[in-house]
Amino acid sequence: MSRPTLFALQVLVAVVCIVLWQVLSTVPVFGKILLPPFFFSNPFDVFSQIVKWFASGVIWKHLGITLAESILAFVIGSLGGVLVGFWFARQPLVAAVFDPYVKMVNALPRVVLAPIFALWLGLGIWSKVALGVTLVFFIVFFNVYQGVKEVSRTVLDNGRMLGMSERQLMQHVYWPSALSWMFSSLHTSVGFAVVGAVVGEYLGSAAGLGYLIQQAEGVFDVAGVFAGMFVLSAFVILIDYGVTLVERRLLVWRPTASDGRG
Amino acid sequence: MTTPTAVALEDAKVAFRLGDGRVYTAVEKAHLAVAQGEFVAIVGPTGCGKSTLLNVAAGLLKPAAGGVRIFDRPLAGLNRDAGYLFQADALFPWKTALDNVAIGLEIKGTPRTEALPQAQKWLTSVGLGAFAGRYPHMLSGGQRKRVALAQVLIRDPKILLMDEPFGPLDAQTRQVMGNLLLDLWNADRKAVLFVTHDLEEAIALADRVVIMSAGPSSRIIGDWRVSLPRPRDIFEVRLDKEFHALHREIWSVLKDEVMKGYAQSTHAAEAV
């Protein structure tokens, strides 16, 4: 299928959904409105709410806050994950000792930590960053741990035979291998950083996209809730696109699935 | 003999402790000397421990008994005089062909600005001058072996250890690589220890062919001198009468070991 046809079909899906939504929420079918506006609002109201946010500029502050929280959560969580992942992979004893605790903490649904973080760190951005960090950390940690442990035996031996010291092995073999594993989970970890930020905001804050949605919900402003959701998904798609660009740049050396030669 | 001995295995024995506590002896009392400038090929059936022996010479494995001497000094730790060409892909996948070759010098502390032009020169001499910017996955198996050869040779090691380096390649590429290796080797005649299961390849390349018995506890059971004139062309030398005579003579010994090795590997498979 050619690209324009595909694109046309993709747009068609959106158009059909929006038209159905608009019609079912405004035009009575057999004397009954199937999507009552109180629960489902309608696309026109949602759209005008989004326009109002952008026109008045209030949305930028909230987007900025959520973005800042996501970035901080991603950076801190990744850094921690890389360091601890490296440490555990190079010190099997440490890994063995901490193993049950890592599993225990990772098994915990992170949402239950939100009230604790709010209590410790207040309602500002740091309680949201902390929640995002607990999500990002484990993804990066597991990937880096795996990456360091699964360095090819032959590549390591080759490094040694070429005369690499432990430090040089770290720099030329372990580090790139671990990073490549980390980058392969980039989409997931960036996504989780945003989830952490938004869920944190939703549960208690004074700004951010999660706050916006929660406020609208608090006054039964369904149009506001949907508008917040649309802005949020557009936000995540944009970030994800950015990640794809970064990934393409950093992982040029990796064979792609269609490469055949492996 | 006045030429110094580059690699000497002195009754080296290699044994591994298996998971269930038993000890598996891979190689028993291997005695072998490679003189400086000599090209020695080790041939043996699958699983006879010839690669193990090479790892002992490289210092990647410690012999359970006996010793290794490199230029008359006992080997402790890794063999710093040796370059090792692996059977499996050993290039750094995250480095370009050029960087993969340059790293050999950079490790020694050569500044990058000096290492890169030299690496380019080596890539050209293995016929890959135009592929400097490619990553390993963009190269064919044969091209990757060429990069690996350049990576090892740029360090100018006194000894070359090669573990079935052309094993994964197709027959034609193997012959081309064999000729390339002989050309490069002819320039400065390093001591070479070349492991292969291909007797023809061994005779065509080497000055001496050493045969190992089937494992476990394999031993060196034969040592033939190949007096075919140099420089050789691998395509041509296979048509030589002397080549055929030697091949027949060595094969008569090797054949039994290959059958034994084959029987053992099938028995082992049945036991599992």
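Leaving aside neighbours within four places in sequence, B:Gly141 touches B:Pro168 and B:Leu169, contact here being C-beta atoms, placed from the backbone, within 7 Å of each other. This is a predicted model, where local features need pLDDT of at least 70 and side-chain atom pairs count only at 80 or more, while totals for chains, interfaces and linings use all residues. Residues are numbered from 1 along each chain as its sequence is written, and chains are lettered from A and ligands numbered from 1 in the order in which they are written.

B:Gly141 sits in helix α4 of chain B; helices (H or I, at least four residues) and strands (E, at least two) are DSSP runs, numbered from the N terminus.

As for the helix as a whole, 10 of the 13 residues of α4(B) are buried, among them B:Arg144, B:Val147 and B:Leu153. These buried residues pack against β6 (82-85), α2 (97-106), α3 (112-125) and α5 (171-188) of chain B.

Over in β6(B), B:Ala82 and B:Tyr84 point one way and B:Gly83 and B:Leu85 the other, and all are buried. β6(B) runs parallel to β7 (residues 159-163) of chain B, with four bridges joining them, and strands pair if DSSP finds at least two bridges between them. B:Leu85 has B:Met162 as its bridge partner in β7(B).

Technical notes
Buried ≥ 20, exposed ≤ 12 C-beta atoms within 10 Å, placed from the backbone. Contact = placed C-beta atoms within 7 Å.
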